[in-house]
Amino acid sequence: MTALEIYTERHAIRKEANDIKDELISWRRFLHQHPELAFEEENTKQFIQKKLKEFGIESKILAKTGVVALLTGKEQGPTIALRADMDALPIQEENNVPYVSTIPGKGHMCGHDAHIAMLLGAAKILSKKNIEKGNVKFIFQPAEEIGGGAKALIEEGVLDNPAVDAILGLHVYPKLETGKITSEHGISCAACDFFEVEIHSEGGHGAHPHLTVDPITTAAEVISSLQHIVSREIDPLSSAVVTIGQIHGGSANNIIPSTVKFSGTVRTLDPEVRKTMEERIDRITKGVTQAHRACYQLNYQYLFPSVTHNESLIPILEKTAKDVLGEGKLTYSKPSMGGEDFSFYTEKVPGITFRLGTGNEAKGTTYSLHHPKFDVDEDALEIGTALIAKFTLNYLSNS
Ligand code: NI
């Protein structure tokens, strides 16, 4: 392509997204004002279905509150899926904006309102394109925050009929300025698991510790020893996190309680390391509690695997970034130890995600995700929309 052709290409898709800028903002603001938590996205679901219908796209409900729609091309070809998550968080919004959340204690503080608006925008643009070959599957996914939505959709067949050949996801990112995006080679997000330990004994009087077993001192040693997993057992070139986020036990200064409970999260990048973590936690807890004559119970929950990007989709993302944003706007980052249930899709089909810059100091949109003052620079909405639409067209014309 000549420089002029590249410029024209960029101009065309940016213009199409810019033409619907006001709609994107109004959709996002409506959703922002009416946040709904995981698997409760009833109004959100209806809103999405209504908009898709206006664009002439039929949709169906999966996983209670998920919306799935298909746009078919003239000829048979590959199917690309585009995913937006839908749920809000149990956070009281602290922004002073006209579109502030109207539901006490609930807010779109992770930007999923923007994700929905941008995917709807891409659906509107793509619905007018008369796609030559292949299909586009729009997946509006409930319950990302609690990690259940992607799994439920897959169990109900979201990746089948027609079978999905590739999937794209994105997340707004306030730490990157508007107009830029970032992605990762290989692993993008960590596997996320939870665990809970209960240490018990008979309890007794605080003045007579020798007549009982103390679960508090035992729990303190177990917690310290669990930190040896990352510092002494895992290859320093691999990555793992063991965080204890809660500890509960005791009721008075002079009582030795009968139980102490603590719980935490384990994050790993390498699936092989992930498989070993439950055994390590169990072995250490068993050894330390036995040494101090206490009993224990471990409840280990596997939540979601790591998100792994498919290398074959990197050139398409690079071309898309160049087409929409120009040179040098896509950078690569290190994987995040945060979790994202997009991993359930990338376990089954080739997938890729990118983070969309929404940070703007002057507009106050640099608060981190899940912060009560988190907000999105709305100029990023048309950029995200253009990127999703262009990635889709690039993928379908490439295959
Ligand atoms: Ni999120």
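How many bridges join strand S8 to strand S12? Select residues 191-200 for S8 and residues 259-268 for S12: ten bridges join them, and the two strands run antiparallel. (Strands are DSSP runs of E, at least two residues, and helices are runs of H or I, at least four, numbered from the N terminus.) This is a predicted model, where local features need pLDDT of at least 70, side-chain atom pairs count only at pLDDT 80 or more, and totals for chains, interfaces and linings use all residues. Residues are numbered from 1 along each chain as its sequence is written, and side-chain values use heavy atoms, leaving out hydrogens and water.

Stay on this pair. Phe-194 stands opposite Thr-265 in S12.

Now show the whole sheet. Four strands form an open sheet in the order S10-S12-S8-S13, with antiparallel pairing. (Two strands pair if DSSP finds at least two bridges between them.) The edge strands are S10 (240-249) and S13 (295-304), and each pairs on one side only.

(Angles run from 0 to 180 degrees between N-to-C directions; axes are lines fitted to C-alpha atoms, for helices over the stretch in contact.)

Next, select helix H3 (residues 42-54) and helix H4 (residues 112-127). They pack at about 15 degrees, with axes 10 Å apart. That makes H3 roughly parallel to H4 (angles under 35 degrees). Finish on their contact: Thr-44, Phe-47, Ile-48, Lys-51 and Leu-52 of H3 meet Ile-116, Leu-120 and Ala-123 of H4.

Notes
Parallel < 35°, antiparallel > 145°, perpendicular 65-115°, else oblique. Contact = heavy atoms within 4.5 Å.
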